[in-house]
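My entries follow in the order I made them.

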Amino acid sequence: GEGERARPPPARARARVVRFSLPSSSIIPPSLVSQACLSYGLERLWAIAVTPGSNAIALGYDDGTVLASAGRDDPVASMDGSGKLVWARQAEVWGANVRALGPEALAGAEDGERLPLAAKELGATDVYPQSLAHSPNGRFVAVVGDGEWCVYTALAWRAKAYGSGLDFAWADDSSSFAVRESPGVVKLFRGFKEADTLRLGFSAEGLHGGALLGVRSAGSVVFYDWEAGAVIQRVDIPGPTAVAWSEPRSSIAVLAEGGGYVLSYDAAAVAAAAADGTADEADGVEGAFSLAHELPDGARASSAAWVGDCLLYVTAAGRLNAAVGGDASTVAHLDRPGLRLVGALASAGKAFLVDRSGGLHPYSLPLASIAYKTALLGGADPDGPAAAAALEAVPPGERDGVARFLEGQGRGDLALAIATDDEYRFE
């Protein structure tokens, strides 16, 4: 802002133009190159204030005050199946190993507290990171940002492959992946070399990896075969937000604006259609997916991950839910916005959520309840010895949730027998 109105120079003075250029070693660091310009039409800007740990910026003008948000609220982080975490701070990438804390420290960690991880800087990226994604085997990390992508080795942080693209998705073999080059073009890579090009015929908004390549648009997710690039099936769903495959690849969760759904995947039907040539070029394989069940509170869920047959997802209302079959229970009410689910370790009995600064927060999973529900859905006799042994391991604090699950399965008698809440038992 200017302190006072500029005065015109004396009549005798003449303007002189000096031409100069900055040397290559400019005093302006690359991190200060302009990313965006803001104009609120409020005349002169007089004051700027920020708060440590927040991306909010307060701007004071002649004609008003503006509170702006700088950057993204979503964390840019990824965790592999062994507990190795990477996250981005500007163009720097940092890493830590959750298992390095030891099983006792993990077991004793309070829900929601920030874990004291020993972080180390892995290196810098050639692009400003907007997303990070581990390969399935954890050996590589893909970085996407500024219309470019680069794959780095996870340990030494050396560039393995790079190119132009808007989104990135890994296949299951960790050497194959897809890149959304433009809204209508997706390129497939095998052995880190370009192998095929998909010309979609619709405007894609994102990619999802796994057993099949999922291409997300505003009203659907179209699944493609990684080898042939053929359409497997189109799933029409308004406003898809997240896709997560189970392990083994028999189920897939699709979360969207209007709700959440778990679909069963029939790999045998897909293989048979490919063998006898009955797959339709436009519509794919009939029966490749079937609806298993809907997810309570699945609408607008921001992130999801599987632990065995249990799906974990973060709801729009800020709850961490665990769903087995069609039954979902709340694991935790998140006490801060912007947390994203990056994975879980069944051996530690914890789900892990990351914040925007790279802080990792654990939440305890009801593993005994999950095991009991999974056993019943798998066909175990609720009155048999195996189910009784699994129920015996469920702690008292989780029994009311199990009772509600049993009630939903038509076993009100057994629900009444194990419930501990008097009001619920009376009902």
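I looked up Pro248 and found it in the loop between strand E20 (240–245) and strand E21 (251–256); helices (H or I, at least four residues) and strands (E, at least two) are DSSP runs numbered from the N terminus. A cis peptide bond with omega of about 5° joins Glu247 and Pro248. I note that this is a predicted model, in which local features need pLDDT of at least 70, side-chain atom pairs count only at pLDDT 80 or more, and totals for chains, interfaces and linings use all residues. Residues are numbered from 1 along each chain as its sequence is written, and side-chain values use heavy atoms, without hydrogens and water.

Next I went through phi. Most residues other than glycine have a negative phi, and most peptide bonds are trans. Gln90 is not a glycine, yet its phi is positive, near 55°. I placed Gln90 in the loop between strand E5 (84–89) and strand E6 (92–97). Gln90 counts as exposed because its relative accessibility is 55% (buried is under 20% relative accessible area, exposed over 50%, partly exposed in between, with a 1.4 Å probe and protein chains only).

Asp146, also not a glycine, has a positive phi of about 55°. I found Asp146 in the loop between strand E9 (140–145) and strand E10 (148–153).

Last entry: which residue did I find in the segment after helix H7 (422–426)? Glu427 lies there, and Glu427 counts as exposed because its relative accessibility is 79%.
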